[in-house]
Amino acid sequence: LVIREIAALWRLRALDHLKAEALAALASDRLPDARPVIATLKEVYGPRPDMSRALARFTADEAQIFDGGDLVRFAERTLLAPLDARARTLTAASARRVALVTAVSPRALIDVAYVIWESIRLGGAVARLYGARPGFWSSWRLVGAILGHLAVTGGLVLTDGLVEQLVGQGLAARLSQRLGEGVVNGLMTVRVGIAAMRVVRPLPFTTEAQPVVRDFLPELVNVVKVGEKS
């Protein structure tokens with residue numbers, strides 16, 4: 001158990017250091033700076049069957065790239081873009097569940113407990129997707145990093161133009177109280193998923209677009225409307 005916890009903490013730290021090394025390689029654009037980043041990525045994703053096709057494609061073409069920055073960006077497009085899509089899917093599914101439970105549950109305490117449970121579950125799932133293997137103590141470290149990221153990036157309604165979008169679409173006037181709570185709780189879960197992606201993702205967002213909260217809003221509104229009707 002101790003060995004597993006130490007290994008999990010080491011994996012989280014290694015992914016964090018890998019992002020710093022990738023940023024340095026992008027800044028210097030030197031191939032020798034990018035090579036250790038690529039070697040670590042292959043070490044992390046090599047044993048995973050779901051990454052075999054992406055790794056094969058990357059290995060076949062990496063010899064044709066001679067700039068460090070281009071190599072890191074190619075790794076992001078080839079190896080991480082599919083994981084980004086899956087992380088978005090995990091986040092959307094988790095937010096839908098939270099929004100639906102909030103819209104139909106009779107107790108506020110149930111809402112709060114479910115949001116917390118779903119957020120922790122989502123953070124762990126995103127971490128495992130990108131290559132971390134959070135145990136007990138490393139999960140607490142991950143939660144702390146996610147909360148720290150949320151604190152730095154600001155509150156839910158102050159980011160991504162969310163207030164302006166709600167008012168501009170007239171959604172605030174049309175939503176019932178329970179429906180509105182479902183949307184807000186779902187968007188809180190979205191924020192957790194996005195923060196987890198930015199914290200655990202081993203490469204910075206350079207070629208791929210960073211996910212934003214507003215991308216998930218229309219789907220959440222549709223989900224809670226269905227839940228309220230049912």
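**Charges, helices and one threonine**

Colleague: What is the relative accessible area of aspartate 33?
Modeller: Aspartate 33 comes out at 29%, so it is partly exposed. That label sits between buried (under 20% relative accessible area) and exposed (over 50%), using a 1.4 Å probe and protein chains only. Bear in mind that this is a predicted model: local features need pLDDT of at least 70 and side-chain atom pairs count only at pLDDT 80 or more, while totals for chains, interfaces and linings use all residues. Residues are numbered from 1 along each chain as its sequence is written, and side-chain values use heavy atoms, with hydrogens and water left out.

Colleague: Okay. Which side chain does aspartate 33 meet in a salt bridge?
Modeller: That of arginine 30, at 3.0 Å from N to O. A salt bridge here is a side-chain nitrogen of Lys or Arg within 4 Å of a carboxyl oxygen of Asp or Glu. Arginine 30 is partly exposed too, with a relative accessible area of 43%.

Colleague: And how many salt bridges does the structure hold?
Modeller: Ten. One of them pairs lysine 42 with glutamate 62, at 2.4 Å from N to O. That pair links distant parts of the chain, 20 residues apart: lysine 42 is in helix α2, and glutamate 62 is in the loop between α3 (52-61) and α4.

Colleague: Is glutamate 62 buried or exposed?
Modeller: Buried, at 9% relative accessibility. Lysine 42 is partly exposed, at 29%.

Colleague: New topic. How many helices and strands are there?
Modeller: Ten helices and zero strands. Both are DSSP runs numbered from the N terminus: helices are H or I with at least four residues, strands are E with at least two.

Colleague: At what angle do α2 and α4 pack?
Modeller: About 20°, with the axes of α2 (residues 31-45) and α4 (residues 68-104) 8 Å apart. That makes α2 roughly parallel to α4, a label for angles under 35 degrees; over 145 is roughly antiparallel, 65 to 115 roughly perpendicular and the rest oblique. The axes are lines fitted to C-alpha atoms, for helices over the stretch in contact, and angles run from 0 to 180 degrees between N-to-C directions.

Colleague: Which residues of α2 meet α4?
Modeller: They include Leu31, Ile38 and Tyr45, and on the α4 side Gly68, Ala75 and Leu83 are among the partners.

Colleague: Last one: where does threonine 189 lie?
Modeller: In helix α9, and it counts as buried at 0% relative accessibility.

Colleague: What is threonine 189 in contact with?
Modeller: Leaving aside neighbours within four places in sequence, threonine 189 is in contact with Thr91, Ser94, Ala95, Val98, Glu118, Ser119 and Leu122. Contact means heavy atoms within 4.5 Å.
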